[in-house]
Amino acid sequence: MGTLQLDPRYVETYLRLAIEFDLPVRMASRETLARHGFPQLREQFAAKGILFPDYFVYEELKDEKNDVKRFWLDIVRNLKPGVTELYIHAGLPTEELKAITGSWSTRPGSSKSSLMMQR
C-alpha cells in the first residue's frame, strides 16, 4: 500500500528498483510525504530521473460521508494540468467489507447505490 514510500526501510529499495527497471512510481503529495518525515522524497526521485504523477488523490476522501460518487466526479471535473493518479478502493458494502475496514462507507458510489447493491 503506502509502505514503499512512507517507511524508510523500503524507500531505498523502491528507488533502486525504479532505477533498475526504469519504472515510474506511485508518489504521494509533498504535504503527505512531509507529514511522514520525507519532505524531499519527490525531489530525490526526480533527481534520479524517476517519473511519478504530478498529483495523487487519496487522502481527500477520508472526510467524505455523503455522496462519494459526486466527490469523485468533482475531482475528475477539476483536474489540474499534468498527470493525476486517483487512488480508489471501490467496494460493495457487504458484511465482509464492514468487518475488514473502517472506510467501508466511503467505498460505494453513493448511499442510494449502496441500498440498491444490498438488495
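A: Let's start at Leu86, which is partly exposed, with a relative accessible area of 30%. Here, buried means under 20% relative accessible area, exposed means over 50%, and partly exposed is in between (1.4 Å probe, protein chains only). Before going on, please note that this is a predicted model, where local features need a pLDDT of at least 70 and side-chain atom pairs count only at pLDDT 80 or more, while totals for chains, interfaces and linings use all residues. Residues are numbered from 1 along each chain as its sequence is written, and side-chain values use heavy atoms, with hydrogens and water left out.

Leu86 belongs to strand E2 (residues 84-86). Strands (E, at least two residues) and helices (H or I, at least four) are DSSP runs, numbered from the N terminus.

Now for some charged side chains. Asp74 forms a salt bridge with Arg77, their closest N and O atoms being 3.0 Å apart. The term means a side-chain nitrogen of Lys or Arg within 4 Å of a carboxyl oxygen of Asp or Glu. Side chains of opposite charge can pair when their charged atoms come close. The two residues are 3 apart in helix H5 (residues 68-77), so about one helical turn separates them. Asp74 is partly exposed at 33%, whereas Arg77 is exposed at 57%.

The structure holds 6 salt bridges, so let's visit two others. Glu20 and Arg16 meet at 3.6 Å, N to O. They sit 4 residues apart in helix H2 (residues 8-21), again about one helical turn. Glu20 is exposed at 52%, and Arg16 is partly exposed at 47%. In helix H6 (residues 95-100), Lys98 and Glu95 lie 3 residues apart, about one turn of the helix, and their side chains make a salt bridge of 3.6 Å, N to O. Lys98 is partly exposed at 28%, while Glu95 is exposed at 61%.

Stepping back, the protein has 7 helices and 2 strands, running α-α-α-α-β-α-β-α-α from the N terminus on. Of its 119 residues, 30% count as buried. The protein exposes about 8400 Å², and carbon and sulfur atoms supply 56% of that area. Among contacts (heavy atoms within 4.5 Å) between residues at least 6 apart in sequence, 54% join residues at least 24 apart.

Finally, how confident is the predictor? The score pLDDT runs from 0 to 100 for each residue; its average is 80, and 82% of the residues score at least 70. Confidence is highest in helix H4 (residues 41-47), at a mean of 92, and lowest in helix H7 (residues 111-118), at 38. Over residues 110-119 the pLDDT is below 50, and this stretch has 11 contacts beyond near neighbours in sequence in the model. Where pLDDT is low, the predicted coordinates should not be read in detail.

Notes: Accessible areas come from the Shrake-Rupley method with a 1.4 Å probe; for residues, only the protein chains shown count as cover. pLDDT is the predictor's confidence in each residue, from 0 to 100.
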